[in-house]
Structure formats: structure tokens, C-alpha cells
Amino acid sequence: MVVGKWIATGINSQPPTKPSLTFTFTFANELRKSKLGEANPFTSGQGYSLRSFISIVAQKGTGLGSVHIERERKLDRESRAEGPMTITPVVRISDRRLVAKDRTILTNVPDNVIATSASASGPVEGVFLGAMFDGENSRHVLSLGTLRDVRFMACFRFKLWWMAQKMGDHGRDIPLETQFLLVETKDGSHLESNSGSENNQIVYTVFLPLTEGPFRACLQGNSQDELELCLESGDAETTSSSFTHSVYISAGTDPYATITDAIRAVKSHLKTFRQRHEKKLPSIVDYFGWCTWDAFYQEVTQEGVEAGLESLAAGGAPAKFVIIDDGWQSVCGDSERPSEQPALMRLTGIKENSKFQKKDDPTVGLKNIVNIAKEKHGLKFVYVWHAITGYWGGVRPGVKEMEQYGSAMKYPNVSKGVVENEPGWKTDAIAVQGLGLVNPKNVYKFYSELHSYLAAAGVDGVKVDAQCILETLGAGLGGRVELTRQYHQALDASVARNFPDNGCIACMSHNTDALYCSKQTAVVRASDDFYPRDAVSHTIHIAAVAYNSLFLGEIMLPDWDMFHSLHPAAEYHASARAISGGPIYVSDAPGKHNFDLLKKLVLPDGSILRARLPGRPTKDCLFSDPARDGVSLLKIWNMNKYTGVLGVYNCQGAAWNNIERKNTFHPTPSTAITGFIRSRDVHLIGDAATDHPEWTGDCVAYCHRTGDLVTLPYNAALPVSLRVLEHEILTVTPVRVLAPGFSFAPFGLVDMYNAGGAIEELKYELKGGAQLSELEDGYRGEGNELGGEKAENLSSELVAIIRMEVKGCGRLGVYSSAKPRRCIVGSAVVEFDYDSVSGLATLSLDHMPEEEKRVHIVEIEL
């Protein structure tokens, strides 16, 4: 890994200003179904379609509309003096083209595609698309138009359970089962514009296929570069021919804000789910945890659970939550089954199996290991696993203890797109042997009795797996969307009643049937599993969790999964978890740990330094392909309160293969790939500037692997070179100019991956020396330029006191252009090291803060 010096790019020397004011025209419209034969002024008589009506209204005006200001942006006086403004919908269909902010996205839009204003969902820059079909059916596919000469990133399901990313520039490249599509127009400059004009900015258009009534939509491409809409109910008896709100499309010049705004509009329309920030996060997300799965798989026992907890605590990385994964429940297989397959296990009772019963008193059950975990090993939370249908094979029909739930055998009807992406479903055990599905009318009773039993044993939450299986079981039950809705409503109600900390993790749940009815669950597994023995999976995993988080992170907090701390790819995985913003937990077998690694993640009290947002790819990585193209590095950004964090990963060499329909290796350069980082790669880095808006855009970065401090003036680029499976983590901090020659920026606990997560409060107090520094001889050195000669305060007057509240213990690092006069922790003056070349100052916080204080109070005098 090589980190080079920054390179000035010669772009604009100031941070970009806010974009100009954008007006959005909205109107209300009632659509009548053509099959009813009612007169429709927009489809009959005058030759107008509803689609063209949008364009006509935009040009001529109507009393149906109103003008909304999308964001408070500054208008240039000259543009206001130009005269009357023509108001045009931001996204519209005109002349058979789908246009977003005057960029053509789709051409040859068919006449039966219907556009409906999103005005009812609030002042948003978007439109809903639907279509009319000649006949009723349970499955429809139609073209929305031709997609060419743009770049896109699609999140699609390569398995029934999981999404991954795919990039391309033609409609034919869009995979089956695409559930999220972000498109970048190539018009305009890729550089930020200071003028406030959107003419030179990239436009990002987001497509969100939705659920509409009992139908669920997804996108796909065809060989003619057409973007197709696929609508399915999953039930031959559930049919329709009329759709008006099957896809939502929105556009903007900030990709992250555009996605957030689009999800908000969809939420307002559907009223079936809530966004991440509206949900209570379970407390496990701020602690280190351990999951039993990769340690024991289904052979887990309560003795094994205790051994794992003891082993982690002994090495100084105590787990504060545990997930007892698959292997604790009472299950059995069918007596009659296909001879070529092992029996598919089904649930036979809500209580634990004999492995989790106390030998001298079996009635104690799970409560025994829960008490041991909490009382003996100091755990705060215990979660257990179960499938959304109870177990992989569901609930076994005919079992007396379970008969009140009305379980009946169902055989999955897997959608065509899923089967084409995952051909193994044709012979999957669930497809062949079927699943015992609890009657939807009884599913709340099932969850409530299961969860109340667990809660009585002291369990705090559940990991609910195999959620996407519900979409395959809707035949005769109103279809996939309706069955999923009933199950999730029951699950939400039971979790709310039994687990007050909102203890639920959604897993194997990457279908929009489930995502768009998620009102309660706040944590979702972000990708396919961590596979410790599958060498092809590791780079794929990091890329998938990052890109999936663009979509999933708007609805729930993405969980980037467990990993092994003692593994060839351990640092690669661990560093990514640290900047993910989600929970951090391992699945190490007892005694198989790398504690030097774990101490970069876990504080001695079992807490972690969690970033504030879901980790996501940087703007310049959104449409590059860091798994396939052989030239790109993946950069992931996140925010702390006073710093940003940037992870850089070489993920090349393996990806999902659309020919073999599985993950495979592919040729990739064995030499290092070089990319560039800028401070603005951390998209919201300005939010960490305490003197915003006076902040100049200058930052400093601390490179975790090398220990280097690098100055990053605004628009400077730092080259980074990495081989496959290598990474770098950089803490990026805005520089606060206190006085001429005196600048400061905190990093945090620099031996932790997410160093800046330790800084919980930061205040600057300017002293008399700040004014005197320009006049007196007691201040040596210019120090005005980043990376220039460092100033030194030889005066009796202080320039400033910087006060920080710091969580945890370890080596605290800061940037100071001048050598600090002294450093104080609590009331004690402490020694510190200062590198006069780089400006890095470090001091040691030798122990955790006293419990009642929670943080160290650190003062640095300049």
C-alpha cells in the first residue's frame, strides 16, 4: 500500500456553493380505468395521453397545480431580472422521451406508459409511472423505453435472498430483478460548479420499482437496450391490467439527497414503511458482539456459547451481546422424503431443544444460558435466531403442540427472474420438499407465543431469517405482497410487545415486498453471508455491502455481517465493519481470535466507536465497477460528529458472473491499482467543521495503516495504491484556523479504525494571543499555509484552548500547526509528543474514563 503526496487539481479554489433554486410544478389528477369505458379527456377525443398532459400543463399552466420550492437556494439577481419563468416538471415524459432536469434518460417510451404527478407525496422532484394492458394477468412485462448513453448502478437480486451491484451504460446491462436503479447523465461537467447553475452539474436519476396493490414491480433490461418493467402478484388468481404507481422516478444533482428524497416520497405515497431515522435503533449497535454461526453452525450448545464469551473476554475484547444462531430450536424432518436429499428440518415446538436445557432441571431452558451470559459474563443483550416461517422448512403440520397455528404444506412458486439468476432453485430442498406455512390468520399468535417465551427467558431480541421465502408462497393467499404484509405486521407487533429495545435484525430479506412494509425493524443484513472458507467471496462482500447500503440504508441500518478476526482477510473485513455505521460482531470459534485486530474495533468496556450514518460509496465511485473493471478502487465514506472517515479498498478480481450465474474469479492485474482521494470524498465533511460556513474547505487526514498525517487543501488529490484485498482507512478532519499561524484539527483515538468516533464534544476558546499573534515578535513562523512552516507561541499570551470530550482510552491524536504549550487530561498536565514536520501531536489516555464521568476531558493549550 502506497500513499502519495497530495496533488492540486487546479479546479476552483473555494468550496462549491449551493445549487440554484429549483421550482417543481405539481398537480392532482384522477385516472379512470379505460376498461370501465368512462370518458377520459386525456386519452380520448383530443388525442392526448396522460403522459402528454404533463407536458401540456407545464407549458400552458392550469388551476390544478401549485408551485413548490424544493429547497431554499439562493437566486442569482441577474436570473431573476430576466423576466417570467417557465415552470417545467423536473421529471416528465415529452415526445416519447423520459426527461429529467432537461437530460434525456429514456427514448421511445411506449404510448401505454402512464405518468402521474408525485404532488400528492409532497413537494418532490419526481413522477410515478404505470401502464395499461389489454388483459388481466398475474404477470406483466413491458418496455419503459430505450436506455443508452448513460451510466447506471443497479442493485439486483442475484439470489432470492440477496442483492448485489451491477454497473453499465446500456439497457441490456440491467440485470433481472433490479430493485434500485441510479442513473447518471453524461451531460455537463463532472466537476463541482461554483456558479449555482445546474447546467454544468451531473444529474442523478433514481428509479424505484414499487409495490402497487397486490403486485410487486422490478426492472430488467433486454437485448434491444430497453428498460423493462416486470409486475408480478405471485398468485395466478390475483390479476390486474391497470397500474398507475408502479415505479417512482426522481432526479437531482446530489445523489445521496436525491435517493433520500425519493424514498421519502415513496413512503408518503405507500404509507406502509418508515425510514431509518424514524425508527428506534436497538442498543446492540453500539456494542461489540459475537454470533455462534461460523463458530459452531447448527452444532451450537450452551457450553459452546459460554466458551466463546469467556474466550473473548479473556483477551480484552468482551462481547456485550450474543446472537445464538440456528441450532437451538426443536426441529425434525419428515419420515418420507426424496431419497437423494437430506431431510428438510421443520419446527416442532417453540421451546429450545435438549442442548439448551439444564441437565438437572430441563424446565429452566434457555433462561439458563441467558443468565450465565448476563450475570457471569456481563453481557447486556442476548438475541436468538429463527426463520420468518419458524424454521427453514416452516412449522411441521400435524404436531400436537403446534396445531393451533394451522400450518399447511406449500410449495414455492419462485419468480422467473429469480430462477434465471439462481438456477439452483429448481432442485432446492424447500422447492422439492415444501414448507409448512403457518396460516396468516394465526401468525401473530405464533410470533407472540414464541417471542413471549423468549422474553420470559431474558432474551432481548431476534434475528429473523429467510424472509424472502414468503414471496414464493402467496398462491391462493392473495399474492406475494399481501402474504408478506400480513407476516410483517404480525412480526412488528410481536417485537414491539415483547422486545422493548426494538430487538430485531432482518436477514435474507432483500425483496421490496418486505422492505416496503418495514415499519418497525431498524437493522437489516446488507449482503450475502461472510463465508470464511470461500476465497472468492471476500472482495465481493465488501463491494456488495457498500452499494446495497445506498438503498437499504434509507429504510434500515445496514448490518455488514459477522466475520472472523483470525483470518487472511480479517483486517479487510474488520476495517469495513468499523466504518459501516452498523453493528460490529465476530463469529470466531473459542480460542481463535486476533486480539490486536479486535482492539482496533472494541474498547475495554465492550463498546465501539460507531460512525453516524450508513457507509456508502463516494460520489466518484457510484458508477465505476470496483469488482470487475480492473482499474478502480472502492472508496467508502462516513461521518462522525467532528470528523469524517474514508475507507479505500481493492475489490477487484471476483464478482457475480451473469453467464455461470454464480460468483467467480476473473483475471485482474496482480500489481497495485492507484486511485485518488480528496477531502470532499467524505460527502458531508463540511458538517464536521465547527466554524462552518467560514471553513475554507481545507482538511487533514490521518492514514491508519501508515500512521502518516497528510494535509489536504480543498481540491487536492492524494494518490493511494492498493493490491487486491488491501485497504486503507483515513480519518479526515476539517481544519479550524484559530489565528494567523495557528490551525487545529482533532483525529481521535488513532489506533482505532474509526478514530474520530471517540470525540464526543469539541469546543474552541480563543484567547488574547489570537489578536496579538499578528503583531508581536513572540510568535515565530508563518504557519498560514497547510504544510508550511509551523508557528510557535513564545508569548505569555495563550492563542486558544481546545476542549474535547473523548470516549475510551488509547493514543489521542490531533493536528496542530503550532506546538501545543501543554496538554491537560482532567486536572493533570500530561506529556505529549509533537512532530514539527507534520503537525501531529499525540498523548496517551491510559485508562477508560471513570464510569460516572463516561468521557475524558482533554484540554490543549496553544
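User: Axes here are lines fitted to C-alpha atoms, for helices over the stretch in contact; at roughly what angle do the axes of helix H5 and helix H6 cross?

Analyst: In this predicted model, helix H5 spans residues 302–314 and helix H6 spans residues 367–376. Their axes come within 10 Å of each other, and the crossing angle is roughly 15°.

User: Is H5 roughly parallel or roughly antiparallel to H6, and what is the handedness of the crossing?

Analyst: Because angles under 35 degrees count as roughly parallel, the crossing at roughly 15° makes H5 roughly parallel to H6. As for handedness, the crossing in which H5 passes H6 is right-handed.

User: How do the residues of the contact of H5 with H6 divide into nonpolar, polar and charged?

Analyst: H5 contributes Gln-302, Val-305, Glu-306, Leu-309 and Glu-310, while H6 brings in Asn-368, Ile-369, Ile-372, Ala-373 and Lys-376. Sorted by residue class, this contact of H5 with H6 comprises five nonpolar, two polar and three charged residues.

User: Which residue in E51 does Gly-813 stand opposite?

Analyst: Strand E47, residues 810–816, runs antiparallel to E51 and is joined to E51 by six bridges. Strand E51 itself covers residues 840–845, and five of its six residues are buried. Within E51, the residue opposite Gly-813 is Thr-842.

User: Which residue in the hairpin of E50 and E51 takes a positive phi?

Analyst: Strand E50, residues 833–834, pairs with E51 in the antiparallel sense over two bridges, and Tyr-834 has Ala-841 of E51 as its bridge partner. Five residues lie between the strands of this hairpin, and the residue with a positive phi, near 90°, is Gly-839.

Conventions. Residues numbered from 1 in each chain as written. Predicted model: local features only at pLDDT ≥ 70, side-chain atom pairs only at ≥ 80, totals over all residues. Heavy atoms only, no water. Buried < 20%, exposed > 50% of the residue type's maximum accessible area, 1.4 Å probe, protein only. Helix = DSSP H or I, 4+ residues; strand = E, 2+ residues; numbered from the N terminus. Pairing = 2+ DSSP bridges. Axes fitted to C-alpha atoms, helices over the stretch in contact; angles between N-to-C directions. Parallel < 35°, antiparallel > 145°, perpendicular 65-115°, else oblique. Left-handed = near helix turned anticlockwise from the far one by under 90°. Contact = heavy atoms within 4.5 Å. Nonpolar A, V, L, I, M, F, W, Y, C, P; charged D, E, K, R; others polar.
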